[in-house]
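Trainee: Could we go through this model together, one question at a time?

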Amino acid sequence: MSYLRKNIERLEAYMPGEQPPPEAKVIKLNTNENCYPPSPKVLRVLKGFRGELLRRYPDPMSKALCAKAAKLYGVPADWVLAGNGSDEHLALIVRAYLEPGRKAAYPVPTYALYRTLARMQDAGLAEILFDEDYHLPVEGLIRSGAVVTFICSPNNPSATVAPAKDLARLASRLKGILVVDEAYTDFADENAMSLVRRFKNVIVLRTVSKGYSLAGLRLGFAIAQPDTLEGLIKIKDSYNVDAVANRVGIAALSDQAWKDKNAGKIVKSRAKLTKNLGRLGFRVWPSQANFILARPPGGRAQSLYRALKKRGILVRYWNQPRLDDKLRITVGTEEENRALIAVMKEILR
Ligand SMILES: Cc1ncc(COP(=O)(O)O)c(C=O)c1O
């Protein structure tokens with residue numbers, strides 16, 4: 001006999017990409033980590049970390065960290081809520097807004113965690129298909145009547161950006177909350193931060209996992225008007241951001257030059273990788289992120305995924321409609337990308 005709630009019994013758990021041990025000899029292009037290391041300023045803070053800071057609980061509202069982030073985003077400090085990665089903010093949002101009888105909407109394919117989290121709340125789902133070019137299905141999303149609408153921009157896995165005018169239209173027409181998940185924005189040409197000032201129902205999510213090379217730290221920010229953040233603050237864990245993330249986060253945000261330099265290198269490598277895959281017959285969607293979505297010649301993605309894995313290169317493959325003929329490939333260092341192309345050539349020959 002199981003005492004689980006029925007919807008949890010039925011729930012298909014979210015499947016993160018494979019994480020081999022750090023010493024494994026693989027080229028890891030499967031979970032969109034930044035291919036460059038974190039800022040030396042971050043490592044310095046870690047090396048000098050005082051035990052006293054660990055003995056005590058951290059500041060429940062991470063005030064110094066939020067003040068730093070707010071300055072960067074151009075909003076008042078109480079418009080920022082720090083969290084244990086954007087994934088925590090997503091979990092807080094569904095817990096605050098979704099329940100049976102209410103709906104979450106999002107275009108698909110997108111970050112699969114939205115579905116898992118909404119199902120945990122036993123909420124309804126309005127999953128609206130993107131077209132082949134990943135235009136935002138604005139009208140369908142508005143018609144869905146959802147209480148929470150998730151837009152991932154740049155979208156994982158297509159790497160395409162939602163145009164500002166579409167997002168503004170959604171924010172003004174939706175009868176609910178619009179969450180713009182900007183995990184990959186550090187590699188993009190445009191973002192939706194200005195919408196937070198214009199619309200009370202918009203929550204923008206940012207993370208240090210990608211642009212700042214700190215996926216292992218677990219730190220993200222929700223940016224919204226204070227009335228909107230209030231509900232999330234009520235239900236968060238008291239000490240949701242640990243003492244290390246509080247300090248290291250400030251150091252990371254202080255080194256914009258490091259983040260920008262690495263993002264610039266990734267954007268350049270992305271263009272080169274796109275061109276080289278194009279030469280091998282791949283269709284590659286225009287990317288604004290640190291990964292690309294690519295359809296191999298003949299759509300033989302699954303066999304290519306397996307052949308790459310056998311040769312020590314991990315990329316992401318999903319055996320599901322719209323994605324089963326494509327691979328999502330994280331942009332690696334120049335050396336990693338060269339190795340990928342060389343192995344692809346060999347396999348495809
Ligand atoms: C679209 C999207 N949002 C959020 C996250 C998770 O971010 P974080 O590491 O801050 O929890 C990811 C991670 O891959 C992602 O792809």
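This is a predicted model: local features need pLDDT of at least 70, side-chain atom pairs count only at pLDDT 80 or more; totals for chains, interfaces and linings use all residues.

Trainee: Which strands stand at the edges of the open sheet of seven strands?

Mentor: Helices (H or I, at least four residues) and strands (E, at least two) are DSSP runs, numbered from the N terminus. Two strands pair if DSSP finds at least two bridges between them. The order in this sheet is E2-E8-E7-E6-E5-E3-E4, with mixed pairing. Pairing on one side only are the edge strands, E2 (80–83) and E4 (124–129).

Trainee: What is the average twist of that sheet from one strand to the next?

Mentor: Angles run from 0 to 180 degrees between N-to-C directions, and axes are lines fitted to C-alpha atoms, for helices over the stretch in contact. From one strand to the next, the twist averages 20°.

Trainee: In which sense do E6 and E7 pair, parallel or antiparallel?

Mentor: Leu178 stands opposite Val202 in E7, and the bridge partner of Asp181 in E7 is Leu205. Over four bridges, E6 (residues 177–181) and E7 pair in a sense that is parallel.

Trainee: How many residues of E7 are buried?

Mentor: A residue is buried if 20 or more other C-beta atoms lie within 10 Å of its own, exposed if 12 or fewer, and partly exposed in between, with C-beta atoms placed from the backbone. Val202, Val204 and Arg206 point one way from the strand, Ile203, Leu205 and Thr207 point the other way, and all are buried. For E7 (residues 202–207), the buried count is six of six.

Trainee: Which strands of the sheet does H6 touch?

Mentor: Two residues are in contact if their C-beta atoms, placed from the backbone, lie within 7 Å. The buried residues of H6 are Tyr114, Leu117, Ala118 and Arg119, and they pack against H1 (6–10) and H5 as well as against strands. H6 (residues 113–120) makes about 165° with the direction of E3, and the strands that it touches are E3 (103–108), E4 and E5 (148–152).

Trainee: How are H5 and H10 oriented, roughly parallel or roughly perpendicular?

Mentor: Angles under 35 degrees count as roughly parallel, over 145 as roughly antiparallel, 65 to 115 as roughly perpendicular and the rest as oblique. H5 (residues 86–97) and H10 (residues 226–235) pack at about 100°, with their axes 9 Å apart. The two helices, H5 and H10, are therefore roughly perpendicular.

Trainee: Which residues are closest to the ligand?

Mentor: A residue is near a molecule if its C-beta atom, placed from the backbone, lies within 6 Å of it. By class, the shell has four nonpolar, seven polar and two charged residues. Of the 13 residues that surround the ligand, the closest are Gly85, Ser86, Asp87, Thr207 and Ser209.

Trainee: Why are E9 and E12 each left without a neighbour on one side?

Mentor: The open sheet of three strands has the order E9-E10-E12, with antiparallel pairing. E9 (283–284) and E12 (327–330) stand at the edges, so each has a single partner strand.

Trainee: Where is the cis peptide bond with omega of about 0°?

Mentor: Most peptide bonds are trans. Pro109 is placed in the loop between E3 and H6. The cis bond with omega of about 0° joins Val108 and Pro109.

Trainee: Is Ala159 buried or exposed?

Mentor: Ala159 is in the loop between E5 and H8 (164–173), and its phi is near 70°, a positive value in a residue other than glycine. With 27 C-beta neighbours inside 10 Å, Ala159 counts as buried.

Note on methods: Residues are numbered from 1 along each chain as its sequence is written. Ala, Val, Leu, Ile, Met, Phe, Trp, Tyr, Cys and Pro count as nonpolar, Asp, Glu, Lys and Arg as charged, and the others, Gly among them, as polar.
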